[in-house]
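The following explanation leads the reader through selected parts of a protein model. Please keep the sequence and the structure in view while reading.

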Amino acid sequence: MPFHVLYVCTGNVCRSPMAELLFRSWTSPDADVVVTSAGTAALVGAPIDHSSASILTRLGLDPTRHRGRQFEPAMALGADLVLTAEVGHRDTVMTAAPSAFRRTFTMKEFARLARRNEPGEPRAVVELAARARGTESPRPRHDDEVADPFGTGVAQTRPIAQEVSDTVHATLYVLSLLPEQRPRPSPAGRRPQPARAAPRRPRPHRS
């Protein structure tokens, strides 16, 4: 069964679709993964915000097919990992789908918690992150949030895109979903060996 990641923000036209497209483009082609996104107050049917779309296009991604969709509890219930832009989104998901509590984090929160452990099997990594959250001291709310760039220009959106891309790359790494982490076929016919190359962090823009 595919490992399903759901990204959630407010309108589903900036942060969550940006994360969705980056996650999909950077995931190893042979990984059995599905990634989707939604908004808690979605601009249903709307395209990605112009500034976010511009940054994605510069990365060689096609944002034109995305349309905003409204978050529904069933989406969280069917996901193996729910990652939100803000604490409020996380709380909304947890309230709507209480059984998804241990699989729901903000983007920054999951990246921070998961880094405490070595990369591993995705569902096991999510469980370890849930356990780690229970041992944490309270943190400032803004530490775990990605600001909303909706309606701003490219210059204001660019650092937010960097934050999103950093969390996406960190998430892919701990879930062992980057191409350089996938097993490589052995020319001698032996069992595939895991790749050992250090992960390289993609950049969403050039200075």
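**Helix packing and a pocket**

In this predicted model, helix 1 (residues 15-26) packs with helix 7 (residues 154-174) at an angle of about 45°, and their axes lie 9 Å apart. Angles from 65 to 115 degrees count as roughly perpendicular and those under 35 degrees as roughly parallel; helix 1 and helix 7 are therefore oblique to each other. Their crossing is right-handed. On the side of helix 1, the contact is made by Arg 15, Met 18, Ala 19, Leu 22, Phe 23 and Trp 26. Helix 7 contributes residues including Ile 160, Val 164, Val 168 and Leu 172. By class, this contact of helix 1 with helix 7 has 10 nonpolar, four polar and one charged residues.

Helix 7 also packs with helix 5, at an angle of about 40° and with the axes 9 Å apart. This angle makes helix 5 oblique to helix 7 as well. The crossing of helix 5 and helix 7 is left-handed. Met 107, Lys 108, Phe 110, Ala 111 and Ala 114 of helix 5 meet Glu 163, Thr 167, Ala 170, Thr 171 and Val 174 of helix 7. In this contact there are six nonpolar, two polar and two charged residues.

Among the lining residues are Val 87, Arg 90, Glu 109, Arg 112 and Asp 144. Which classes of residue form the lining of this pocket? The lining has three nonpolar, one polar and eight charged residues.

Key
Residues are numbered from 1 along each chain as its sequence is written. This is a predicted model: local features need pLDDT of at least 70, side-chain atom pairs count only at pLDDT 80 or more; totals for chains, interfaces and linings use all residues. Side-chain values use heavy atoms; hydrogens and water are left out. On a 1 Å grid over the protein atoms alone, a cavity is a set of points where a 1.4 Å probe fits but cannot get out, and a pocket is an open set with protein on both sides within 12 Å along at least five of seven lines; lining residues have an atom within 4 Å of a point. Ala, Val, Leu, Ile, Met, Phe, Trp, Tyr, Cys and Pro count as nonpolar, Asp, Glu, Lys and Arg as charged, and the others, Gly among them, as polar. Axes are lines fitted to C-alpha atoms, for helices over the stretch in contact, and angles run from 0 to 180 degrees between N-to-C directions. Helices (H or I, at least four residues) and strands (E, at least two) are DSSP runs, numbered from the N terminus. Angles under 35 degrees count as roughly parallel, over 145 as roughly antiparallel, 65 to 115 as roughly perpendicular and the rest as oblique. A crossing is left-handed if the near helix is turned anticlockwise from the far one by less than a right angle, and right-handed if clockwise. Contact means heavy atoms within 4.5 Å.
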